[in-house]
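Let's take a friendly walk through this fold, starting with what surrounds a helix and then moving on to the sheet.

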Amino acid sequence: MTTSTYALEEFIDDMTLLVESQPDQERLFDVGSSYLERLINNPDAVPEEYRVPAESRGRSANHGSYILYRGDGLAITSVVWGPGDHIAPHDHRTWGMIGVMDNGITETRFDRKDDGSRDGFAVLEKVRETLVRPGEVSLLIPDVDEIHQMDNYSDRPTVEVHVYGQDLKGLERCMFNLETGATKTFSTTRWDNC
Ligand SMILES: [Fe+2]
């Protein structure tokens, strides 16, 4: 896709209308990801201050997450993964779209194989590992395909735009320990969405 001039404000307007139209999941992803692709192909879509790792506003000096918009059924953030940044497998409990703007992110997806009957325990099976590149969008499909691990194996920051069906702040979610099978419930107290 060639460079676009599609602005964040236009994206927010278009996504708001789309969500308000109560599309089914397929249409939401079809139309929404076409908007997000246009946005992330605009090099000026996200202000520079929201494209850097920042200790004071991220969960570590090597990470950044910044709320760009929060509305009814729609939350948009920019997320920055510094060199070597990593998050263990986790779920989201809402639909999501992740668009890479700069650099790339290695995303590993997992299937949950157990029936959830054992408290604090899960069996995950690795499904695929993908290097998501600038201009590409990755989808989080609730209950179907939404457990992922993220790694920036490169030596420079990766910038993404994340779009969710609700604000992840305060939403109870699950983090998975691949080695022990242990699960841990967590919820973010801020917009540390990823
Ligand atoms: Fe995530």
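## Around helix 2

The cover over the buried residues of helix 2 includes helix 1, strand 4, strand 7 and strand 9. Those buried residues are G32, Y35, L36, R38, L39 and I40; buried means that 20 or more other C-beta atoms, placed from the backbone, lie within 10 Å of a residue's own. Helices (H or I, at least four residues) and strands (E, at least two) are DSSP runs, numbered from the N terminus.

This is a predicted model, in which local features need pLDDT of at least 70, side-chain atom pairs count only at pLDDT 80 or more, and totals for chains, interfaces and linings use all residues. Residues are numbered from 1 along each chain as its sequence is written.

Five strands make an open, antiparallel sheet in the order 1-2-9-4-7; two strands pair if DSSP finds at least two bridges between them. Strand 1 (63–71) and strand 7 (137–140) are at the edges with a single partner strand each, so one side of each has no neighbour in the sheet.

Further in, strand 4 (residues 96–102) and strand 9 (residues 158–164) pair in the antiparallel sense over six bridges. One of the bridge partners is V159 in strand 9, which pairs with D102.

## Helices on the sheet

Helix 1 (residues 8–20) packs on the sheet and touches strand 1, strand 2 (74–81) and strand 9; touching means C-beta atoms, placed from the backbone, within 7 Å. Helix 2 (residues 25–40) lies across strand 4, strand 7 and strand 9.

Key
Contact = placed C-beta atoms within 7 Å. Axes fitted to C-alpha atoms, helices over the stretch in contact; angles between N-to-C directions. Buried ≥ 20, exposed ≤ 12 C-beta atoms within 10 Å, placed from the backbone.
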